[in-house]
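Here are some notes for a colleague who is meeting this structure for the first time. Please read them with the model open alongside.

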Amino acid sequence: MNDICVIRKLVADGDGAGDDRRYAIILPMILRLMKDPSSAQSSVPRILKHLEAAETAMKKQILVARMNQIQLDEYKVLSKQIEESIERSASELEVAKHEQVIAKGHRKNKEEYELMAKMINALPSRLETNQKLENVKRELELQHERQRKLEAQLSDRKNTLHALNIILNDITRSLQDADESYETSSEESPNDNNSTQRNHETMGDG
């Protein structure tokens, strides 16, 4: 507050002499005039001049005070506008942050969508997929047909091998029976020869 008063006083003091000095000059002149009225002719103009200067200085101070008040009011209005602007900027900043978060979410969704679109585009179309499925089905049918043919051939071979096995078993049994018959006949033939020889010898002795 003292600084403001000093500034106002310096602004009002245009000739470099302060009001206190001016009043200090006027007061002795008035006292001297009261003691010596004969000096009024020379003292009164000087007193009036100083009083006029003091009045002008007071008017200047009043004008400066009014201007200072106007500036102060303007500063208050400006300060209020600045505060409102700061509050508005803070609100806009919050809105911008919220919009930025939403924009990031949209960007993320867009990137995910583009990635999914690339993955979908990388996959074959439905027509290509259906064609591949048809090809796979035909290939499976061919494989099943080949498998059925191979199983039929294998069954025929099994039957043939089974028949050959039966034939071999029959041949083996026939050979075994023939061998047994031959061995039996071989054993009986020497016994018959010995009996015949003994009979001849007996007859010779008689």
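1. Is R173 buried, exposed or partly exposed? R173 counts as partly exposed, because its relative accessibility is 45%, a value that falls between the 20% limit for buried and the 50% limit for exposed. Its side chain meets that of D170 in a salt bridge, at 2.3 Å from N to O, and D170 is likewise partly exposed, at 34% relative accessibility. Both residues lie in helix α4, three residues apart, about one turn of the helix.

2. Please keep in mind that this is a predicted model, with a mean pLDDT of 76 for the chain and 77% of its residues at 70 or more. Among the elements of the chain, helix α3 (residues 40-122) has the highest mean pLDDT, 85, whereas helix α1 (residues 2-12) has the lowest, 51.

3. The structure holds three salt bridges. One of them joins the side chains of E145 and R148, at 2.4 Å from N to O, again within helix α4 and three residues apart. Another joins E55 and K59, at 3.8 Å, and these two residues lie four residues apart in helix α3.

4. The UniProt record, an unreviewed entry, places a "coiled-coil region" at residues 126-157. In the model this span is 100% helix, and its end C-alpha atoms lie 46 Å apart.

5. A nonpolar patch on the surface is formed by L161, L164, I167, L168, I171 and L175, with about 580 Å² of accessible area together. Of these residues, I167 is found in helix α4 (residues 126-205) and counts as partly exposed, at 45% relative accessibility.

Key: Residues numbered from 1 in each chain as written. Predicted model: local features only at pLDDT ≥ 70, side-chain atom pairs only at ≥ 80, totals over all residues. Heavy atoms only, no water. UniProt positions renumbered as here; feature names shortened; annotations may be inferred. Patch = residues over 30% accessible without salt bridge, like charges linked within 9 Å, V, L, I, M, F, W, Y side chains within 5 Å. Areas by Shrake-Rupley, 256 points an atom, 1.4 Å probe, with all protein chains shown as cover. Salt bridge = Lys/Arg side-chain N within 4 Å of Asp/Glu carboxyl O. Buried < 20%, exposed > 50% of the residue type's maximum accessible area, 1.4 Å probe, protein only. pLDDT = per-residue confidence, 0-100.
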